[in-house]
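Hello,

Here is the structure I promised to pass on to you. Please open it first, and then read my notes below.

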Amino acid sequence: MRGNLAIARKKSGCDLMAIVKAGAYGHGLEDVARALESEKIAFFGVANVGEARRIRDAGVATRIYLLGATWAEERAEIVARDWTPCLSSLEEAGHFDRLAGEMNKVLRVHLSIDTGMGRGGFVPEHLPETLAELKKLKHLEIEGVGSHLPSADEDEDFTKRQFDRFRAIIAELGGPEVFRWRHLANSAGLLGYDGKWCNLARPGLMLYGVSPLPGFQDELSTVMSLKSRITLVRTLPAGHGVSYGRQFVTQRPTRVATVGVGYGDGYPRAVSGAGAEVWIRGRRFPILGRVTMDQTMVDVTGCEEIEEGDEVEMFGANLPVSEVAAKAGIIVWEVFTGITPRVKRCYFE
Ligand SMILES: *Cc1c(COP(=O)(O)O)cnc(C)c1O
């Protein structure tokens, strides 16, 4: 991860908010936060206060930025613990201001602007007036301004215009010097576009070793490998069904290895019948029939050396997770965040 972080820093030319929402994309929130704490990251970006608490409970002191909206009943804790919300409305700004006033403090907040994502932030109408209103709130410091890219990995023209638009909005609000932090780019945004005039980037996926844009994958290092072991190897005769629905039936005597991993671990069931492969002893083998909850069958015919107990990589350093996602018809983010708590996380430096 540290190598990927260094690449994000170099490509963006900015300080970083490391996105660790959804349990650090399934990698384990506490362990990732602890590992990156010493890396001089400006913020950890989390989805909600539950994740913010977990970072603090892990003893990590890095500043925390809340990427989503907040509930009214959570805000006193946010103020008390100096977490940084992004604001989408004057109502929530007013509430934060009152709470901060009661606690005799000034809360640092960011102004979120909707330049195309349609999920949160102020819609860019009357923004100068909005900022003027916010500046009247004496217990808030408008420390930053941010927006989000909906299609940096799909629509280059739109994304370029979004960068221009965000820049124009900042100019309209008084120029870059008004905001200590200016941020727009996710992984695809920082890899594929020139956003150095922002001074903070928010990479998620690329920190976990996957590039959302073609052309950068070679520079990143794999972080997560999903591994299991062969629990059983048998030879089935021709005409024998394998797994639920009997969608696969052997055409010849087939040496079938049963692997102790399934969709109950988060390995996507949707790869069933799509030609997905696994990695055993240095080569690929095809999955047979449907992935079940706890077990998956693999054709190891012709490889007599393969035996019970052998390690099986479902994806990772030898078999790209992007391939599994493509076969399942889902995105890599979904594969990572889908790995369930049952899977033991082991960490290596
Ligand atoms: C999740 C998220 C990111 C990170 O996106 P990646 O594509 O994983 O790099 C950045 N910014 C915001 C607002 C997000 O919600």
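The protein's secondary structure comes to eleven helices and 16 strands; these are DSSP runs numbered from the N terminus, with helices being H or I of at least four residues and strands being E of at least two. Please keep in mind that this is a predicted model, in which local features need pLDDT of at least 70 and side-chain atom pairs count only at pLDDT 80 or more, while totals for chains, interfaces and linings use all residues. Residues are numbered from 1 along each chain as its sequence is written, and side-chain values use heavy atoms, with hydrogens and water left out.

First, the overall picture. Along the principal axes, the C-alpha atoms of the protein fill a box of roughly 80 × 40 × 35 Å. The protein has 349 residues, and 51% of them count as buried, meaning under 20% relative accessible area (1.4 Å probe, protein chains only). Of the contacts (heavy atoms within 4.5 Å) between residues at least 6 apart in sequence, 65% join residues at least 24 apart.

Now to the ligand. Oxygen atoms of the ligand lie 2.7 Å from a polar side-chain atom of Lys21 and 2.6 Å from one of Tyr25. For Leu205, a polar backbone atom is 2.8 Å from a ligand oxygen. Taken alone, the ligand exposes 390 Å², and the protein buries 91% of that (Shrake-Rupley method, 1.4 Å probe; for residues, only the protein chains shown count as cover).

Two residues are also worth a look. Asn4 belongs to helix 1 (residues 2–12) and counts as buried because its relative accessibility is 1%. A polar atom of the Asn4 side chain lies 3.1 Å from the backbone oxygen of Leu207. Beyond neighbours within four places in sequence, Asn4 has contacts that include Met206, Tyr208 and Val223.

Leu190 sits in helix 9 (residues 187–192) and is buried too, at 4% relative accessible area. Leu190 and Gly13 are 177 residues apart along the chain, yet their C-alpha atoms are separated by 8.9 Å. Outside the four-place neighbourhood, the contacts of Leu190 include Ala8, Lys11 and Met206.

Best wishes

Technical notes: Buried < 20%, exposed > 50% of the residue type's maximum accessible area, 1.4 Å probe, protein only. Polar contact = N/O pair within 3.5 Å; in protein donor to acceptor, adjacent residues only side chain to side chain.
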